[in-house]
Amino acid sequence: MRDVSVRNLSVTYSSKVALKSVNADFPAGSLSILIGRNGSGKTTLLKAIAGLVNYSGKVFIGGEVADDSPPSLRRVSYVPQNNALIPSLKVWWNIALGLVDRERDPQIIKEKIEEVAKLLDIQHLLNKYPGELSGGEARRVAIARALVVDSDVVLMDEPELSVDIQTWQIIRNNILKVRKSDKTIIVSTHNFEDLLPYADVVCLLHEGNALFVGRPANLRTENMPLDVRAWLGSVIEADDVECDEGDFCVALFNGYRIYAGSYRKSFRSSPRILILPKYITVDQDGVLKGKVVRKIKHDTGRSTVLVSINGYELVTTTHEVLSEGAVVGLKIEKAILLG
Amino acid sequence: MNLKNAVSIFVFFLIWEFTARYLVSAPKTIFPPFTYVLWNFTDKSFLYTLLSNYSQTFFRSLLGFTVGLFLGLLTGLAISIKRSVSDYVSPIATLMFSVPSVAWVPILIVLVGIDEFRLPLVASFMCSYPPILYGVINTLRTFDRDQLDITAVYCLRHKTRYELVILPQLILRILPSIKTEAVMVWKTVFVAEMLVLPNGIGYLALIYASTLNMDKLIAVVLVLSLTLISIDVLLDWLEKNFYRVVNSIYERRFR
């Protein structure tokens, strides 16, 4: 098991600054997720850790400076956004790519490929070409290629991209399976609501800056820029959480029960929950009553407003024309339990 | 070749035969029927002359083309390692590539001289080298960045990167150029032989034309045409089955 740390990491592409002095620690054997809008620097951070872009600052892998090591010697695996399967190679060879130089015994290579193919349920694809695979199958092959090598760190760039919900569930379950194998996993994702409850570390990037790096339970949004809150949502402290054998949780807030998905970690007595703007609707019949504090933006008939409830400020979007100071009813469909 | 192709060719030869025999009043020595042309292939002395000259043309085309192909690949790969170098070389390669292959022949007659080895060799080299160089540089400039990243992460050795990832895709991308130029090499050597050389099927064609041996001239042209079709079919098959061929090579080498 090896941890990953970056110190004052900066990356510039021609004149555009992609990462600005980012500091982050990803503990050994942890599942870390990088979140942020498009262009926030998630992919660049992954590539810098893998040694695929020029950067200033330091990258430590397993406590050692990796800056002078080429990507192939950093003991990292990388799953890029578009899978980058080699079209001229059969799936078997695509998976074997990382083993050809590392393993001399063909029998061991064969066994390792069979093992990882079984784990990801892709045994039937081994003799196909990448062009014959669906998006989800190609994704699993790219993940298999990353897992088959004996790396300590697995970097995945938006594994949810171009796969349907069912395939994403399979991929997510595979990520969680891999987590048990003591590898340090760093996943950049837009679909963080599915991974946040399982993540050990969350790194929130915005315009190349790391706004937050730490345990999800410590995530706070009140001091974050409004455009980040309009996208990420708001973190509030729930009064309590009730879980049905740890699989189905309901957060209690102001006497209101909010479905909080599944959660497999322990949480404190007043756990934090993240409420995404898409799960809050302005509804005058809503039990929760809040006061419109501020209009953030208005475009194509939708307003994004900041509503205050019990000292917490939630971001929501609505078609209704609301003035500042107006009292509105809210319905919250779902929350993400941060712990 | 499917049945439709076969029928179409058969009908074409039938029309030729009928036209030459019954519709055209010109003597058979000027417009010979197809069977007259075919009959030449039973003549041992003609066959010997044809084969000895054909082997000359074959050797010249193959050698010049192969040298051009490998040098084009090697220099293209070497140049592409440094992006700045490829930026400088690419326009020159484009300029050379845009010169029609046959246009090199008169230039080379002056520069290289009428030498039966060097002239066709350089001419066929000039057919293959610039387009292959141009193809390699441009393919590598537009190579999928993520695939290069993947090879950088997973492959420890440069050899593996080139062998498993870069070269197969590079060759597949330049195969259409290879196909076009392989045909063009034959045409260029044929023209060079016709213009100044004392042997080869181009020379043979000129001799038969000047002695009004039309049936033999057409037989030579037919052989050239069949050769070009064979090259086209062979490289077409390779293009379609390239991934299969490449993977079977790996299977034998590694598994």
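A residue is called buried when its relative accessible area is under 20%, and exposed when that value is over 50%. The coordinates discussed here come from a predicted model, and the residue to begin with is A:Y78, which is found in strand β6 of chain A, a strand that covers residues 76–79. Because its relative accessibility is 1%, A:Y78 counts as buried.

What does A:Y78 touch, if residues up to four places away in sequence are not counted? From chain A, the list holds A:T43, A:L46, A:K47, A:L52, A:A146, A:L155 and A:D157, and from chain B it holds B:I150, B:V153 and B:Y154.

Of the 14 residues of α4(A), 13 are buried, so the helix is largely enclosed by the rest of the structure.

The largest pocket has a volume of about 740 Å³, and its lining consists of 22 residues, of which B:S80, B:I81, B:R145, B:L148 and B:Y162 lie nearest the centre. Two or more lining residues come from each of the chain B helices α3 (44–81), α4 (83–98), α6 (118–141), α7 (145–154) and α8 (158–195), and α7(B) provides the largest share, with five residues. By class, the lining of this largest pocket divides into 12 nonpolar, five polar and five charged residues.

The second largest pocket has a volume of about 490 Å³ and is lined by 19 residues, with B:L62, B:F65, B:I178, B:A182 and B:L235 lying nearest its centre. Here α3, α8 and α10 (214–240) of chain B each supply at least two lining residues, and α3(B) gives the most, with seven. Which classes make up the lining of the second largest pocket? It has 16 nonpolar and three polar residues, and no charged residues, whereas the lining of the largest pocket includes five charged ones.

Conventions
Residues are numbered from 1 along each chain as its sequence is written. Chains are lettered from A and ligands numbered from 1 in the order in which they are written. This is a predicted model: local features need pLDDT of at least 70, side-chain atom pairs count only at pLDDT 80 or more; totals for chains, interfaces and linings use all residues. Side-chain values use heavy atoms; hydrogens and water are left out. On a 1 Å grid over the protein atoms alone, a cavity is a set of points where a 1.4 Å probe fits but cannot get out, and a pocket is an open set with protein on both sides within 12 Å along at least five of seven lines; lining residues have an atom within 4 Å of a point. Grid points are joined across faces, edges and corners, and a volume is the space filled by probe spheres set on the points. Helices (H or I, at least four residues) and strands (E, at least two) are DSSP runs, numbered from the N terminus. Ala, Val, Leu, Ile, Met, Phe, Trp, Tyr, Cys and Pro count as nonpolar, Asp, Glu, Lys and Arg as charged, and the others, Gly among them, as polar. Buried means under 20% relative accessible area, exposed over 50%, partly exposed in between (1.4 Å probe, protein chains only). Contact means heavy atoms within 4.5 Å.
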